[in-house]
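The stops below are meant to be selected in order.

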Amino acid sequence: MRIPTLPTWFATKASSAPTKKDRSQVRVGIPKVLNVWSTHQFWVGFLKALGVQPENIIFSSDTSEEQGREHGKGRGTVDCCYPVKCISGHYGELVFGQKKKINVLLSPMLYSIPSVLRGNVVDTLTCTRVMAGPESVKAGFLKERDVFAEQGIKYASPFVSLGDPHCVTDQLYDGLKDVFELDKKETEHAVAAGYAALDAFNAKARGQSRKILEWCAINQKPCILVMARPYHMDTGIGHEIEGELQAHGYPVLWLQYLPGDLDLLNWLFEEDMRIGRCKNPFDINDVWTSSYSSNTNEIMWGAKVAARCPWITCVVRLSSYECGMDQPTFTPAQKIVEATGTLFFKFGDLDSTKPAGSVRIRIETITHYLSKYSEDIIRKKRAYLSDQGPLLEGEWPERPEVEAESPAPQEQQEQVISVV
Ligand code: SF4
């Protein structure tokens with residue numbers, strides 16, 4: 001007699017949570033370089049969702065001459081910009097400089113990155129040196145013998161389009177499945193957790209920048225915008241120039257964490273949109289048509305915001321030695337900023353040396369100009385805007401506790417590098 005077989009007998013039960021392997025003892029080292037500075041929370045969220053313990057996610061320390069000398073000597077790349085050149089020191093610190101050895105060195109090759117401008121620009125790609133940096137630096141650790149294998153470290157360098165979320169699960173599964181013994185479902189879950197962590201961090205940092213602007217508007221005080229690439233927050237790349245300015249009492253905003261709130265931006269760009277100069281506050285077509293590169297796009301957008309926002313009375317531009325991407329933006333960015341009388345200062349060709357003496361003299365010059373001209377700059381830029389604005393003076397029932405709640409830039413910088 002034929003016994004009917006119920007199809008459900010052999011079906012696997014659908015489970016809402018992906019199965020997770022025990023990765024609590026896996027130690028993952030991440031070189032804190034290039035666009036890891038703007039995507040670190042994605043990697044923390046991703047790894048934590050895979051079961052890696054927060055204390056086992058180790059970022060290398062800030063760039064320094066000692067780091068390069070001690071851990072990267074003889075393994076460097078040649079003929080390159082300083083932020084790439086110094087990566088070998090970060091790799092070396094993670095490979096040789098840990099009391100407790102790492103098991104995995106994770107150095108993603110970022111092809112594209114999330115950006116507040118996405119949808120309004122051609123693309124949000126990284127610089128080609130950012131994309132290829134891990135490959136060229138890895139070569140220095142393989143040229144004589146495989147240092148990673150010798151140290152028992154798995155080297156993982158997945159190619160990732162973080163700016164195109166629909167690609168990321170497949171890319172990270174392909175790039176990391178053998179390293180972490182991943183399955184597709186848990187990769188998908190971890191990618192979602194990574195984006196959630198990154199979005200939450202960015203929203204918090206942008207919110208705190210808005211509080212700084214609100215404080216400036218209420219008190220009619222100027223602030224400074226640092227226009228640089230995310231990795232200039234590294235004290236060994238940007239040399240803490242913004243910290244020196246802050247020590248003179250001027251709040252500092254970082255380009256990457258400018259507020260993206262529409263109420264504020266619509267107010268700043270109201271006239272530009274009315275006369276058709278731009279379609280919306282994130283449109284940079286009027287100043288930068290070849291808008292492929294994410295960080296470059298944001299530099300041009302930051303210049304526009306600075307030109308319009310009354311309380312940003314000064315822009316400080318930082319740029320690294322041998323940066324080919326920054327070169328074409330120098331003149332247009334300066335012209336945009338200065339078009340409304342906003343002060344503009346540039347520190348170019350930054351490398352491993354901190355020219356402390358000349359930095360101090362320039363800081364004194366900047367603060368002199370700020371104290372002399374800020375009041376006038378605020379008044380003139382304020383006159384260009386309509387009266388109904390979210391930051392207009394006197395519209396709040398009471399003064400917010402800015403000192404207590406909003407980040408001092410140094411604190412904001414520390415949040416950026418905080419890993420858990
Ligand atoms: S943007 Fe400039 S500094 Fe950054 S990796 Fe590219 S060339 Fe180097």
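This is a predicted model: local features need pLDDT of at least 70, side-chain atom pairs count only at pLDDT 80 or more; totals for chains, interfaces and linings use all residues.

Residues are numbered from 1 along each chain as its sequence is written.

**Stop 1: the ligand shell**

Select the ligand and the 13 residues around it; Cys 81, Cys 127, Arg 129, Cys 323 and Met 325 come nearest. A residue is near a molecule if its C-beta atom, placed from the backbone, lies within 6 Å of it. Next, colour helix 3 (82–85) and helix 5 (128–139), each of which supplies at least two residues of this shell. Helices here are DSSP runs of H or I with at least four residues, strands are runs of E with at least two, and both are numbered from the N terminus.

By residue class, the shell holds eight nonpolar, two polar and three charged residues. Nonpolar covers Ala, Val, Leu, Ile, Met, Phe, Trp, Tyr, Cys and Pro, charged covers Asp, Glu, Lys and Arg, and the others, Gly among them, are polar.

Where does the shell lie relative to domain 1 and domain 2? It lies between them, because domain 1 (28–200) and domain 2 (206–417) both give residues to it. The domain bounds come from an automatic or database domain assignment.

**Stop 2**

Select Glu 322, in the loop between strand 9 (312–320) and helix 13 (330–338). Its phi is near 70°, a positive value in a residue other than glycine. Most residues other than glycine have a negative phi. Glu 322 counts as partly exposed because it has 17 C-beta neighbours inside 10 Å; the cut-offs are 20 or more other C-beta atoms, placed from the backbone, for buried, 12 or fewer for exposed, and partly exposed in between.

Move to Gln 220, in the loop between helix 8 (184–219) and strand 7 (223–227). Phi of Gln 220 is also positive, near 50°, and with 14 neighbours this residue is partly exposed.

**Stop 3: Cys 314**

Go to Cys 314 in strand 9. Is Cys 314 buried or exposed? It is buried, since 25 other C-beta atoms lie within 10 Å. Its contacts (C-beta atoms within 7 Å), leaving aside neighbours within four places in sequence, include Pro 222, Ile 224 and Thr 342. Pro 222 is 92 residues away along the chain, with a C-alpha separation of 8.0 Å.

**Stop 4: Asp 263**

Finish in helix 10 (residues 262–268) at Asp 263, which is exposed, with 10 C-beta neighbours inside 10 Å. Show Pro 390 as well: its C-alpha atom is separated by 6.7 Å from that of Asp 263, 127 residues apart along the chain.

Definitions and conventions: Two residues are in contact if their C-beta atoms, placed from the backbone, lie within 7 Å.
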